[in-house]
Amino acid sequence: MRELELLKREVENCTRCNLYKTRTNVVFGDGNPEAKLMLVGEAPGYYEDKKGLPFVGSAGKLLDTLLEEIGLSRDKVYIANVLKCRPPNNRDPNIREIETCSPYLFAQISYISPKVIITLGNHSTRLLAETELGITKVHGRIFKKGDKVVIPTFHPAACLYHPEWLKLLREDLSKIHSLLSEYGL
Ligand code: URA
């Protein structure tokens with residue numbers, strides 16, 4: 001899709017915040033630009049920064065397995081992050097970085113036009129579900145946003161250390177799977 005390609009080129013040259021100084025690669029996003037389901041994480045980590053692709057480290061492997069369990073794969077969905085560049089030492093994104101970078105995510109969403117957006121973890125949930133509530137409170141809830149629904153769930157990286165959250169993440173995804181069939185997706 002031409003608009004998405006042009007946006008990607010723009011983001012690859014972005015110097016709007018200081019993260020460009022320490023990045024190896026911009027991690028724009030990946031997957032099917034026609035996807036009806038989009039997943040949004042937080043920010044690239046070490047391996048994502050090296051490869052320029054989202055969710056390619058251990059959290060990404062877990063995400064692939066979980067998607068496979070509900071009959072999905074990366075070529076059927078689109079995956080992006082709130083931030084397109086890695087914060088040094090994987091620190092949390094700060095408010096200024098989120099404000100500066102999020103217009104890129106909003107543009108991606110408007111070009112891809114997914115019906116369902118799964119937010120992974122607190123940062124993307126706060127931004128897209130527009131709630132201040134933490135993920136343990138809002139995971140699995142449906143937030144209607146215009147013609148889309150946003151469904152927050154746990155970040156797979158957090159689930160690597162919290163098996164009890166992994167169980168909840170699986171439950172949320174299976175609910176989302178049923179919802180997708182209801183939407184004919
Ligand atoms: N964590 C994220 O939030 N995004 C990635 O791309 C990788 C790890």
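**Briefing: cavity, pocket and helix packing**

Helix 4 (residues 95–112) contributes four residues to the lining of the largest cavity, the most of any element. This is a predicted model, in which local features need pLDDT of at least 70 and side-chain atom pairs count only at pLDDT 80 or more, while totals for chains, interfaces and linings use all residues. Residues are numbered from 1 along each chain as its sequence is written, and side-chain values use heavy atoms, with hydrogens and water left out. Helices (H or I, at least four residues) are DSSP runs, numbered from the N terminus.

**Cavity**

- The count comes to one cavity of 30 Å³ or more; a cavity is a set of points on a 1 Å grid over the protein atoms alone where a 1.4 Å probe fits but cannot get out.
- The largest cavity has a volume of about 120 Å³, a volume being the space filled by probe spheres set on the grid points, which are joined across faces, edges and corners.
- Its lining has 14 residues (those with an atom within 4 Å of a point), and Cys14, Cys17, Cys85, Cys101 and Tyr104 lie nearest the centre.
- The lining of the largest cavity divides into nine nonpolar, one polar and four charged residues; Ala, Val, Leu, Ile, Met, Phe, Trp, Tyr, Cys and Pro count as nonpolar, Asp, Glu, Lys and Arg as charged, and the others, Gly among them, as polar.

- The largest pocket holds about 560 Å³ of space; a pocket is an open set of points with protein on both sides within 12 Å along at least five of seven lines.
- The largest pocket is lined by 23 residues, and Ala43, Gly45, Asn90, His155 and Ala157 are the closest to its centre.
- Helix 2 (46–51), helix 3 and helix 5 (122–128) each give two or more residues to this lining, with the largest share, three residues, coming from helix 2.
- By class, the pocket lining has 10 nonpolar, nine polar and four charged residues.

**Helix 1 with helix 4**

- Helix 1 (residues 2–12) and helix 4 pack with axes 10 Å apart at an angle of about 165°; axes are lines fitted to C-alpha atoms over the stretch in contact, and angles run from 0 to 180 degrees between N-to-C directions.
- The two helices are therefore roughly antiparallel (an angle over 145 degrees).
- Glu3, Leu4, Leu7, Glu10 and Val11 of helix 1 meet Tyr104, Ala107, Gln108, Tyr111 and Ile112 of helix 4, where contact means heavy atoms within 4.5 Å.
- Seven nonpolar, one polar and two charged residues make up this contact.

**Helix 3 with helix 8**

- The axes of helix 3 (residues 58–69) and helix 8 (residues 163–182) come within 10 Å and cross at roughly 40°.
- Leu62, Leu66 and Glu69 of helix 3 make the contact with Leu166, Leu169, Arg170 and Leu173 of helix 8.
- The residues of this contact are five nonpolar, no polar and two charged.

Definitions and conventions
Parallel < 35°, antiparallel > 145°, perpendicular 65-115°, else oblique.
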